[in-house]
Amino acid sequence: MIFDYENKVLQIKIVYYGPAMSGKTTSIKYLFSYFKKDNNLESIESSVGRTLFFDFGVLNFQGSNWGLKFLIYSATGQDFYASTRPATLNGVDGIIFVVDSRLDYLKYNLRSWNELISLFGDEVYNIPIVISLNKYDLDGSNKLKENDFLNYIHYEMFKYISIDKTVAISGIGVINSFNTVIGFIIPELQIKSDIIL
Ligand SMILES: Nc1nc2c(ncn2[C@@H]2O[C@H](COP(=O)(O)OP(=O)(O)OP(=O)(O)O)[C@@H](O)[C@H]2O)c(=O)[nH]1
Ligand SMILES: [Mg+2]
């Protein structure tokens, strides 16, 4: 978090993290379209729509006294570009961990989670994290439940953690997850549309 006292702007960095194809880019695209800031989002993608390095965009909000500037990133899930992930996480204030909630993908989710934890020391337990059980529209009952995932990851060690189902392709839960992570970072704040309440 960076306070720019001169311009009265608070800068906050949020990273969407998770295994390949879990829905990080889709979530970010929904977020930017919700705030009608589609043009602020840069996705560096391969010809088949896979994130090469990261997605990046800025969301600005103006309060009565201070401006808020959110730097939003997604780390690529593709292992070929894994070396870019630590840099993307540098200086992060909050993480949205996007899980592919189909049970067949559990090992990829856990591998990505363990990698995320290993990139930080014990400070990871102080970072606000919202887990998004994404693709909840797919595959009937063959899906990960909130408590099951939490039990895999020793959630009780984390100071600020939350989990919810999402469907990024239709936007279900995406804004909620974003608001939850922001609420962890700045408890007084709630963002509605493009004004700060
Ligand atoms: N059915 C369904 N499909 C989804 C959902 N979210 C994303 N997808 C699809 O899953 C695929 C991968 O989504 P992306 O958002 O590109 O995944 P990513 O996490 O950015 O993947 P990488 O950049 O490769 O790490 C795309 O075809 C999306 O349309 C969802 O909630 N439900
Ligand atoms: Mg992507």
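Trainee: What is the phi of Lys36?
Mentor: Lys36 is not a glycine, and yet its phi is positive. The value is about 55 degrees.

Trainee: Which loop holds Lys8, and is Lys8 buried or exposed?
Mentor: Lys8 is in the loop between β1 (2–4) and β2. Its phi is also a positive value in a residue other than glycine, near 55 degrees. With 12 other C-beta atoms within 10 Å, and 12 or fewer being the limit, Lys8 is exposed.

Trainee: How many helices and strands are there in the protein?
Mentor: Both kinds of element are present. The count is five helices and 10 strands.

Trainee: Why is the protein said to be as compact as a globular protein of its length?
Mentor: The globule rule gives 16 Å for 197 residues. The C-alpha atoms fill a box of roughly 50 × 40 × 35 Å along the principal axes. The protein is as compact as a globular protein of that length because its radius of gyration is close to the value of the rule, at 16 Å.

Trainee: What span should helix α3 have, and what is the distance between its end C-alpha atoms?
Mentor: Helix α3 comprises residues 106–118, which is 13 residues. At 1.5 Å a residue, the helix should span 18 Å. The distance between the end C-alpha atoms agrees with this, at 18 Å.

Trainee: Which residues of α3 are buried, and where do they lie around the axis?
Mentor: The buried residues are Asn109, Ser112, Trp113 and Leu116. They cover an arc of only 100 degrees around the axis, so they lie on the same side of α3.

Trainee: Which elements do the buried residues of α3 pack against, and which exposed residues does the opposite face carry?
Mentor: The buried residues pack against β2 (9–17) and β6 (94–100). The face turned away from the buried side carries the exposed residues Lys107, Arg111, Asn114 and Ser118.

Trainee: Which residues are in contact with Leu116, leaving aside its neighbours within four places in sequence?
Mentor: Leu116 is found in helix α3. A residue is buried if 20 or more other C-beta atoms lie within 10 Å; Leu116 has 21 and is therefore buried. Beyond those neighbours in sequence, its contacts are Tyr17 and Phe97.

Trainee: How many residues of strand β7 are buried, and which way do they point?
Mentor: In a regular strand the side chains alternate between the two faces of the sheet. Ile129, Ile131 and Leu133 point one way from β7, while Val130, Ser132 and Asn134 point the other way, and all are buried. Among the six residues of β7, the number buried is six.

Trainee: How many bridges join β6 to β7, and which residue stands opposite Leu133?
Mentor: Strands β6 and β7 run parallel, and six bridges join them. The residue opposite Leu133 in β7 is Val99.

Trainee: Is Met157 buried or exposed?
Mentor: Met157 lies in the loop between α4 (146–152) and β8 (161–165). The count of other C-beta atoms within 10 Å is 11, and a residue with 12 or fewer is exposed, so Met157 is exposed.

Trainee: What is the mean pLDDT of the protein, and over which residues is the pLDDT below 50?
Mentor: The mean pLDDT is 89, and 91% of the residues reach 70 or more. Where pLDDT is low, the predicted coordinates should not be read in detail. A pLDDT below 50 is found over a stretch that has nine contacts in the model beyond near neighbours in sequence, namely residues 193–197.

Definitions and conventions: Residues numbered from 1 in each chain as written. Chains lettered and ligands numbered in written order. Predicted model: local features only at pLDDT ≥ 70, side-chain atom pairs only at ≥ 80, totals over all residues. Helix = DSSP H or I, 4+ residues; strand = E, 2+ residues; numbered from the N terminus. Rg over C-alpha atoms; globule rule 2.2 N^0.38 Å. pLDDT = per-residue confidence, 0-100. Contact = placed C-beta atoms within 7 Å. Expected span 1.5 Å × (residues − 1). Arc of directions from axis to C-beta. Pairing = 2+ DSSP bridges.
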